[in-house]
Amino acid sequence: MAAQPKPAYQQIADDIRQRILDGDLQAGDKLPTETDLMADYGVSRIVARNATQVLQGEGLVEKRQGAGTFVRGQRPRRKRISGDLYGKRPTASPMRRQTEAEGRRSEWEWQTRITAATKAVAERLAVEAGDEVVRTTYRFFADDEPVMLSTSYEPRALIAGTPVEQPEGGPVTGVVPRLDSIGQHITHVTEDVNARAPRPYEAEQLQIAPGVPVMAITRTYYVGERPVESADIVVAADRYTLSYVIPIPPLSDEA
């Protein structure tokens, strides 16, 4: 069966996308108006409009009220080295260490409350649904730019009555050093990474342009086989590259 030709709006979007990728149209350049596209391609206004909407949905262009449609500037990506996030045992927040290593100022806002574990959170923490957990929501900034959202959960039974019961209100911050201080020594961390469209509140809090997906990371800390903290982390996919360092065990004498 012969391939069906693409609709006209997709062909126009393909042409403009290629011009952007080739550098003929650069960040800040104005796209041809709908009237120009109608004349250049011999199409209706709705076809021209659909073409620019495709590019906007891909995060390549942005519409400015009363000014037109412009090529969107692509942010320089920061490398988030997840696989080697704990090359050395941390004594403070790894997010602060990483951001400041990039020469940027690190700040965050948070809110903590005690709540009942949902079924999903209970499974991740190996507790019963309804058990008390300490839930902390974070928004992290680098030089005043919001860069990451995180919601963490810890079994309250593990930290109740200790100096670090409040994740951000005690003498030590950062999951690993906090739990080290009460004799709970984290042995390993797991991460599951997925890409998806941002939720409306995520797009607002991270100032994400239309069409830009997020990377959603589920990170869980363990002491032996016991999960002691689990977090849902969200970053904009156009701002970070997830880079993993995976060690290979040395050859054994039996090899």
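Helices (H or I, at least four residues) and strands (E, at least two) are taken here as DSSP runs, numbered from the N terminus, and two strands count as paired if DSSP finds at least two bridges between them. The model is a predicted one, so local features need pLDDT of at least 70 and side-chain atom pairs count only at pLDDT 80 or more, while totals for chains, interfaces and linings use all residues. Residues are numbered from 1 along each chain as its sequence is written, and side-chain values use heavy atoms, with hydrogens and water left out.

On that basis, the chain comes to eight helices and ten strands. Of its 255 residues, 39% are buried, where buried means under 20% relative accessible area, exposed over 50%, and partly exposed in between (1.4 Å probe, protein chains only). Taking contact as heavy atoms within 4.5 Å, 60% of the contacts between residues at least 6 apart in sequence join residues at least 24 apart.

Six of the strands make up an open sheet in the order β4-β5-β6-β9-β8-β7, with antiparallel pairing. The edges go to β4 (106-116) and β7 (188-196); each has a single partner strand, so one side of each is left without a neighbour in the sheet. On average, neighbouring strands in this sheet are turned by 15° against each other, direction ignored; for such angles, axes are lines fitted to C-alpha atoms (for helices over the stretch in contact), and values run from 0 to 180 degrees between N-to-C directions.

Strand β5 (residues 132-142) is mostly covered, with eight of its eleven residues buried. On one pairing, eleven bridges join β5 to the antiparallel β4, and W108 has F140 of β5 as its bridge partner. On the other, ten bridges join β5 to β6, again antiparallel, with V133 opposite P155 of β6. These two strands, β5 and β6, form a hairpin with two residues between them, and D143 in the turn has a positive phi of about 50°.

Leaving aside neighbours within four places in sequence, T151 touches R135, T136, T137, S230, A231 and D232.

As for charged pairs, a salt bridge is a side-chain nitrogen of Lys or Arg within 4 Å of a carboxyl oxygen of Asp or Glu, and the count by this rule is 14. One of them joins D238 and R72 (2.9 Å, N to O). D238 is in the loop between β9 and β10 and R72 in the loop between β2 (68-71) and β3 (78-81), which puts the partners 166 residues apart. D238 is buried, at 8% relative accessible area, and R72 is buried at 8% too.

D232, one of the contacts of T151, has its own salt bridge to R124 (3.0 Å, N to O). D232 lies in β9 and R124 in helix α5 (residues 119-125), so the pair ties together parts that are 108 residues apart in sequence. D232 is partly exposed at 27%, as is R124 at 23%. R156 and E132 also meet in a salt bridge (2.8 Å, N to O), linking helix α6 (residues 156-159) to strand β5.
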